Amino acid sequence: MTDLIVALALASFLLPIAAGLAIQLAPVARLSGRVAAAAAGGTAACALALSALALDRAEPTKVLKLGVVDKPGAIFLAAIAVVGLMSVWLSPSYLVTTGRGFFPAERARSWYYLMLFLFWAALLAVPLAANLTSAWLLVEATTGASALLVAFNGKRSALEAGWKYLVLTTIGLTVALLGIVVLVAAARGRAGGLALADWSELGERTAAIPHGPALTAFVLILVGLAAKIGWAPVHNWLPDAHSEAPPPVSALLSAALLPAVVLVAWRVKTALLPAIGAPAARHVFIGFGLASLAIAVPFLWRPLAWKRLLAYSSLEHMGVLALGIGFGSKLALAGVALHVLGHALAKSLGFYAATPLLQLQPAAARHSPRGLARTSPTLGGAVGVSLLTLSGLPPSPLFVSELFILLGGALSGQTAVVAVAAVLLALAFLGLAHAFVESLVGRPRLHREHAAATRPLAVAAAAVTAGLVALSSTAYLLPGSTLVAELWRWSS
């Protein structure tokens with residue numbers, strides 16, 4: 001069984017890299033879509049099988065000393081695998097609508113798939129990183145390919161967004177690296193090999209570090225990672241990058257990259273808990289969570305372009321995850337696990353809908369869409385499912401997950417924080433509910449008469465809806481499950 005897990009872990013990381021290089025080097029560019037689809041199917045199958053084995057296995061499994069397959073990573077790995085698969089499969093719908101950007105026309109598609117697969121490979125590896133150093137390197141590795149993808153269409157606004165994303169996230173990761181240096185320096189030889197210590201050993205090795213330096217290192221690492229996650233107030237790159245990137249890439253950024261870095265932050269909290277203490281760790285996460293919700297809400301109340309609205313929704317939902325991790329109770333952690341999966345499905349569907357939406361209503365790139373139920377029922381249905389789920393309307397899985405997190409916070413004694421968070425979530429719900437009404441039944445904007453290609457979106461919407469229904473129907477089993485008990489034991 002161990003050999004199978006190791007093989008699946010290596011395949012999940014190496015197969016997309018090999019596929020991207022094969023597409024780039026292939027002499028026949030028109031076959032790139034078929035090769036990409038087949039490779040994506042194989043990659044997702046390996047990653048999902050690995051996730052299932054990790055959830056079923058009692059103990060973590062090492063992968064060549066630099067990787068680990070465990071239950072926390074399995075949840076995020078499954079989300080990244082599904083979103084990556086759908087992004088690759090829906091990329092042809094985007095590529096037929098765009099020009100060559102800043103790449104040679106005959107090779108633009110090959111370059112797109114190369115960068116997309118490299119980005120996806122790095123994302124799949126993040127939940128498997130066995131130590132702080134490799135996790136930092138993998139998060140940094142996601143930056144290069146994703147920055148080029150943000151700027152793929154070559155427009156001035158896209159180039160600016162890509163550059164802003166590259167600079168701000170690199171600065172953030174530099175701050176995180178400074179935190180790692182402070183942590184290693186504070187060990188003063190008492191925790192040899194600290195930077196390369198496994199997550200499971202890091203807590204034991206840092207327990208002897210003085211509280212002050214350990215807390216300084218923790219805050220620096222969290223602030224640096226927050227810039228990549230998009231937690232407020234270091235979220236400035238997020239709206240522009242999500243707005244300008246190709247829709248399949250925006251889905252990966254929001255539904256896969258941001259949660260993957262949240263997992264790294266969660267692992268850092270768990271590993272340094274013996275040195276910094278539970279109250280300090282809790283306050284940092286709750287602070288980021290409340291700040292993100294508070295800053296997202298005013299934007300969600302404004303009429304925004306479709307992808308920019310989804311970007312600020314990402315800010316809100318990453319704040320919800322921060323609150324759940326900060327509360328740390330079993331019920332809150334059940335909410336975190338459910339929220340990661342539900343958000344991944346709903347948010348990716350919203351971004352996939354952007355491709356036919358911008359074909360049908362080009363003004364949606366600058367203004368909020370309207371009247372989609374009248375002009376394109378399929379598109380309106382996909383937008384509706386995404387918005388209603390993201391708003392937390394019952395009985396969507398995000399309503400259940402947010403309820404779990406708030407109740408978990410109350411059980412952990414954070415009554416005042418829960419009250420503030422509940423008000424902010426209610427305000428966010430009203431903003432997204434208004435966007436739902438305007439987008440579907442508002443007065444239609446000027447639109448093109450020819451129908452946008454919505455068949456791939458219809459298939460994705462059906463699959464996502466089935467996944468959301470499955471999550472909602474099984475959510476009540478989570479709080480008492482062995483998975484949540486393991487998450488709580490690991491996180492505490």
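Q: Leaving aside neighbours within four places in sequence, which residues is Glu316 in contact with?
A: Glu316 is in contact with Leu293, Ala296, Leu300, Glu402, Leu425, Ala428 and Leu432. Contact means heavy atoms within 4.5 Å.

Q: What kind of model is this, and how are residues numbered?
A: The model is predicted: local features need pLDDT of at least 70, side-chain atom pairs count only at pLDDT 80 or more, and totals for chains, interfaces and linings use all residues. Residues are numbered from 1 along each chain as its sequence is written, and side-chain values use heavy atoms, with hydrogens and water left out.

Q: Is Glu316 buried or exposed?
A: Glu316 counts as buried, at 2% relative accessibility. Buried means under 20% relative accessible area, exposed over 50%, and partly exposed in between (1.4 Å probe, protein chains only).

Q: Where does Glu316 lie?
A: In helix H12, residues 306–327. Helices (H or I, at least four residues) and strands (E, at least two) are DSSP runs, numbered from the N terminus.

Q: And Leu468, what does that touch?
A: Not counting residues up to four places away in sequence, Leu468 touches Gly342, Leu345, Val385, Thr389 and Pro397. Leu468 lies in helix H19 (residues 455–474) and is buried, with a relative accessible area of 6%.

Q: Switching topic: how many salt bridges does the structure hold?
A: The structure holds 6. A salt bridge is a side-chain nitrogen of Lys or Arg within 4 Å of a carboxyl oxygen of Asp or Glu.

Q: What does Arg267 form a salt bridge with?
A: With Asp70, the closest N and O atoms being 2.9 Å apart. Arg267 is in helix H10 (residues 247–276) and Asp70 in the loop between strand E2 (67–69) and H3, so the pair ties together parts 197 residues apart in sequence. Both Arg267 and Asp70 are buried.

Q: What about Arg156 and Glu160, how are they placed in helix H6?
A: They are 4 residues apart in H6 (residues 156–187), which means a separation of about one helical turn. Arg156 is exposed, with a relative accessible area of 67%, and Glu160 is partly exposed, at 45%.

Q: Which residue does Asp240 pair with?
A: Asp240 forms a salt bridge with Lys164, the closest N and O atoms being 3.0 Å apart. Asp240 is in helix H9 and Lys164 in helix H6, 76 residues apart, and the pair links distant parts of the chain. Salt bridges that share partners join Lys164, Asp240 and Arg308 into one network.

Q: Where does Pro233 lie?
A: In the loop between helix H8 (211–229) and helix H9 (237–244). The peptide bond from Ala232 to Pro233 is cis, with omega near 5 degrees. Most peptide bonds are trans. The bond from Pro394 to Pro395 is also cis, with omega near 5 degrees, and Pro395 is in the loop between helix H16 (377–391) and helix H17 (397–411).

Q: At what angle do H3 and H20 pack?
A: Helix H3 (residues 71–95) and helix H20 (residues 482–491) pack at about 120 degrees, with their axes 9 Å apart. The contact is made by Lys71, Pro72 and Ile75 of H3 and Leu483, Glu486, Leu487 and Trp490 of H20. Axes are lines fitted to C-alpha atoms, for helices over the stretch in contact, and angles run from 0 to 180 degrees between N-to-C directions.
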